[in-house]
Each structure stands twice: as structure tokens, then as C-alpha cells.
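I am keeping these notes as I go through one model, writing down each thing I looked up and what I found.

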Amino acid sequence: MVQNLLRTIIQLGTLPESSALENRQIRTVNGTILILIGIAGVFLLTNAFSGLYRMLIFNSIFIAVALVPALYLQSKRRFVLAKYFLVLGVLIYLIFAHYWVFRAGRNNGSEWIIIMYFLLVILLFEGRKAWPLTAIGLVGIPILLYYKFLFLPHEGMSFTLSLINFYIVIFSIYGLATFFKQELLITQQQLSNLVTDLHKQNEELLDKNHIIENSERILSGAIDHVPLFIAMLDPEGNYRIANRMYEEAFGVPRSQIIGKHFTQVLPPSIVEIHVPLVKRGLAGETVEFEHETVFPKGQKVYSYGKYAPIFSPNTHEVEFLTVFVTDVSRLKQAEHTLNELNHTKDKLFSIIAHDLRAPLNSLFSLVDTLNNQIISQEEFKALVKNLDATVGYNRQLLENLLQWSKAQMNQMVVKKEAVDLNALALRNKELFEETAHQKNIQIITHLEAQEKGLADTNMIDLVVRNLISNALKFTPMGGSITLESFDTFNEVGLSVIDNGLGISEEVLEKINQNKMVTEWGTNQEKGSGLGITLCKDFLNHNEGQLSIQSQLGKGSRFTFIIPKHSA
């Protein structure tokens, strides 16, 4: 309770809006008054126990008339008046108190307490404001000595010499105290300026931090909605910024990414690729990269990205390394598709320019010969036979081109229905009987399928026709072709087996990669390479599959299956 009271008295006259220096000066004066009240209180007790009732009354008057009013003036913010009231009250108290002391015949040397007066003047006043009070104090010294020499035996002591000694001590103390006060004031001012500057710097830092936080919030909000991997590394390779894509792709919260080295965040397979890239980026090089990326969740994407260094404007060294990565899987797929289309286009032009034009030219030449009637009857029969083969080849080639073009332009309409593979095999066997007869090739059938398939009849008919045509083309004179149909649990299928030239592993690999391969038949029949490609496309449209087994010089087996029709 007493402590709270003292704290309240110390704060009298201070205001929150006042400067820290001004409030400190007010508290200093208040504290001085409290100290003087405490000293006067001690004197009161001493006088009471010593029976010096006159001094007891005088000390009480001093507290009531000088110290308490000064404290009151401080609370009313009459600071200058309070300080004058305090200092002059102390001086008057000292002179009159010592008058009664000397008159009582006591010589306790207490006259030196007047030094406290000068210390108060130095403490409470600055510059010229202290001069009048100092002069008053200097006048008070001879008055004290006069009383001392008047009432006490001086035993040969000189008034003048004592006065000089007093002035020497006073001036020495006054000068030293003034010097140290000035130094303290200068230091205090410097500290105050330093504190003010620190406060300003702190406010500026807070403002800058606020701006940075807002900027980071805006930046994070912006980059989190960009469908790219965006991050920033410091020169040590630690993440300073990372957007939401990192969280989603690697399954790590952003709080566990920021501040960590990139090798601790990325999977080992990606780290192995990016360690040399990051080194080049931190060396000041802009680095672009493309590679397939496998994320922890198993998804595979094709990535394109760039490491771009940010240089310090002062040192011109790499301060940060930014990284941007995007998923270009669709572009890569589109590029692959485009390359395939270009290859297909080139193949189509080649077929039209050579495979189709050459037979047509032969046909035109044959017709021209017939029109001019410059051949014999026997030659005419031979030409008719050649004409039949040429027309047949052109018809099949044109049909394949038409169907393949529709499939490439996604104009093919699949109409699934029940398909009888046995019937298709027999019909196409009959279709190619004449061609087989010309090469003395026997077409054998083993049609054991008991159920029908589910597919587009016209498409499957074209598949069967192309497979038989290929078998005839690559089977030598006197060979054989076997048509076998069969059932499985969920599928029906047909195999076209020949004992012809067979297919090399190199050519078979190209066929399995959907590349068009042009080969010559046993009678120099020209192939376009389009038939097998068309068969595979049509079977894919009907949820079917084509498999090829072949041995060079011994023949081939082409087998396709389609879903079984459920009755």
C-alpha cells in the first residue's frame, strides 16, 4: 500500500502524451521532494527524542510550508514555481535551523549541509536560471558563518578564512557537479535521441514487416492459383517460397517445406535429376529442363521447367533461385500424335502418288492398247488377265484408303451386331478363289466357332478380307492357307494361317508399333502397308485384338478376337 502511494506521488504531474524526457524530469523533482520529506521526518523524530521541541516545530513548519506546497505545485504542472519554492524553502530552512542550533551553543558542523542547497540548484535548474539562486546561496553562507562566530567560541579561527574555505569547497563541488550534470545531460539527450531513433526504426521495421507480410500473402494467393509448380530457393538450396502444387504433389505441408533443403523435399528420382540443374542455376545460369516425373502417389507426367537466378543489386551474386515447372504431358501427347499424323500423311501421299498411280497408268496403257487394236487374240487374253489383277488390286487399295481415311478423321460409325465369323470366312474364301487358283494356293477351312461375335459386320468383313489378301500375297505357288475359327469363354476368333515367306523380327516389331511396312509378294505383288494398320484400327473400335506369330521362311499366323455376342 505504501509502495503504491509513493508510486502515485512520484507520478504527480506526468501525462501520457508528454515526452519521456519531460516525464522523467517531473519524476526527478517529485522524488527529490519525497527524499527531503523523509530527511525532515528523521529530524522530527530525532528532535522529539532529544527534547528539542523548538526544532521539532521548525521542521514541521518546513514540511508543511515548503515541501508539501512544492509537491502540490508539481501536481498542478507549475513546475518552475514548484522548483523555486522548493530551493528557496530549503535555503531559508538551513539558515534559520542553524541559527537556533548555534544559539543553543551546539557546534556539530552541520552548516556544511548547505552544500545540499547548491546540489539542488544544479539538479533542478539549467543554465542562467541557476545563477540567481546560486548567488542567494553564496549570500547565505556568510550569514551562517556569522551566526556561528556570533554564538560559538571560535578559538582563534578567522571568519574570513572560514568563509574562503567554504567558498572553495562550494565552488569545487558546484563546478564538478555542474560538469558531470552537463555530461549526463548530453548522454541523456543522446540516449533519448537514440531511443527515439530506435522507436522510429522499429516502427519502420513494423511497417516494412507489415508490407512484406501483405506482399507474401498476396504473392502466395496469386501463385497458389497458378497451375504451375512455383518455388524460390536461397543460395544454400533451401525453400523460401513454395506454392500449393508442392503440397498436393508431394503430400508434405507447406510449413514442412519452407526452410528445408530441396533434397529433403523432392523424391530421390527427381533429386538425382535436379541436383546438377540447381548447381548451374546457383552459379548464375538460366537452366531449362524437360523430363518425365513420377510423383509419390504414382502419377506420371512429362514436365517442362526453368531455373532462373535473381541477382543481388549490390553484390551481383545470386540471391535467390526461382523455379517454374509445368505439366506438358498433353503437349507431348499432342506432339506424338501430330508426328504420327504427319507420318501417316506422308505414307498416304506415297500410296496415292506411287502405289495407286502406277497401276492406273498401267491400266490406261492397257486400255489405250485395246482401243488401238494393235494386239493379237492371245495377247488380248493375257492382257485381260493382267487387267483383272490390276483392277482388283486398285479396288482393294481404294477401299482400304477410304475406310482408313474415315477412321483417321473420326468419321467411322460403329454399328455392333451379331457377327458370324464362319460365314465371313466362307464368303471371303469364295471371293479369293480365283486369285488363289492363279497361284495354285489351296484355302482350307476349320471353322469350329459355335457362337457369334459382337461387332460391326462391315468392319470385321474388311479385316478378314485384308488378312486373306495378305496371306495370298506372301504365300508362294503351291502353298496353302488355313482359316480357323474358335470360341473362348468370352470371345470368338479367327486365325489366318499360311506357309509363306514369314515376317522378320525387325518388320514384326514395326508392325506392332503401328508403323506401315511395305513388302513385295511372292509374285512381286506390291503392298501398301495399309491393310494391317486398318485391321488393328477396326478391331480397336470393336474392342478386339490382333496378334501375329511368324517365323521367317516358314509362314505366319494372324489371329484376331472380338467379344462374344450374348443371346
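The entries below follow the order in which I looked things up.

**Entry 1: the whole chain.** I noted before anything else that this is a predicted model, and I read every value with that in mind. I counted the secondary structure and found 17 helices and twelve strands. I then looked up burial, and of the 567 residues of the protein, 39% count as buried. For the surface, I found that the protein exposes about 33100 Å², of which carbon and sulfur atoms supply 59%. Looking at contacts between residues at least 6 apart in sequence, I saw that 62% of them join residues at least 24 apart.

**Entry 2: the record.** I checked UniProt, where an unreviewed entry lists residues 28-46, 52-72, 84-102, 130-147 and 159-180 under "transmembrane region". I compared two of these stretches with the model. Residues 28-46 are 100% helix and 0% strand, with the end C-alpha atoms 27 Å apart. Residues 52-72 are 95% helix and 0% strand, and here the end C-alpha atoms lie 29 Å apart.

Entry 3: Is H274 buried or exposed? I found H274 in helix α10, which covers residues 268-282, and because its relative accessibility is 5%, H274 counts as buried. Setting aside its neighbours within four places in sequence, I listed F262, F289, H291 and Y307 as the residues in contact with H274. I then followed the strands: β3 (residues 287-294) runs antiparallel to β4 (residues 300-311), and eight bridges join them. One of the residues touching H274, H291, has S303 of β4 as its bridge partner. On to β5 (residues 318-327), which is antiparallel to β4 and joined to β4 by nine bridges; here P309 has L321 of β5 as its bridge partner. The hairpin of β4 and β5 has six residues between the strands, and among its residues H316 takes a positive phi near 60°.

**Entry 4: a sheet of five strands.** In what order do the strands of the open sheet lie? I read the order as β7-β9-β10-β12-β11, with mixed pairing. The edge strands, each pairing on one side only, are β7 (442-447) and β11 (545-551). On average, neighbouring strands of this sheet are turned by 15° against each other, direction ignored. I also noted that helix α17 (residues 530-541) packs on the sheet, where α17 touches β11 and β12, and that the direction of α17 makes about 145° with that of β11. Between β11 and β12 (residues 555-563), which run antiparallel, I found seven bridges, and S550 has S556 of β12 as its bridge partner.

**Entry 5: the nonpolar cores.** Which residues touch the most other members of the largest nonpolar core? This core has 37 residues, and I wrote down L421, I460, L467, F560 and I562. Elements that each supply at least two residues of the core include α13 (421-431), α15 (457-473), α17, β11 and β12, and the largest share, nine residues, comes from α15.

How values were computed. Residues numbered from 1 in each chain as written. Predicted model: local features only at pLDDT ≥ 70, side-chain atom pairs only at ≥ 80, totals over all residues. Heavy atoms only, no water. Pairing = 2+ DSSP bridges. Helix = DSSP H or I, 4+ residues; strand = E, 2+ residues; numbered from the N terminus. Axes fitted to C-alpha atoms, helices over the stretch in contact; angles between N-to-C directions. Contact = heavy atoms within 4.5 Å. Core = buried A, V, L, I, M, F, W, Y, C linked by side-chain atoms within 4.5 Å. Buried < 20%, exposed > 50% of the residue type's maximum accessible area, 1.4 Å probe, protein only. UniProt positions renumbered as here; feature names shortened; annotations may be inferred. Areas by Shrake-Rupley, 256 points an atom, 1.4 Å probe, with all protein chains shown as cover.
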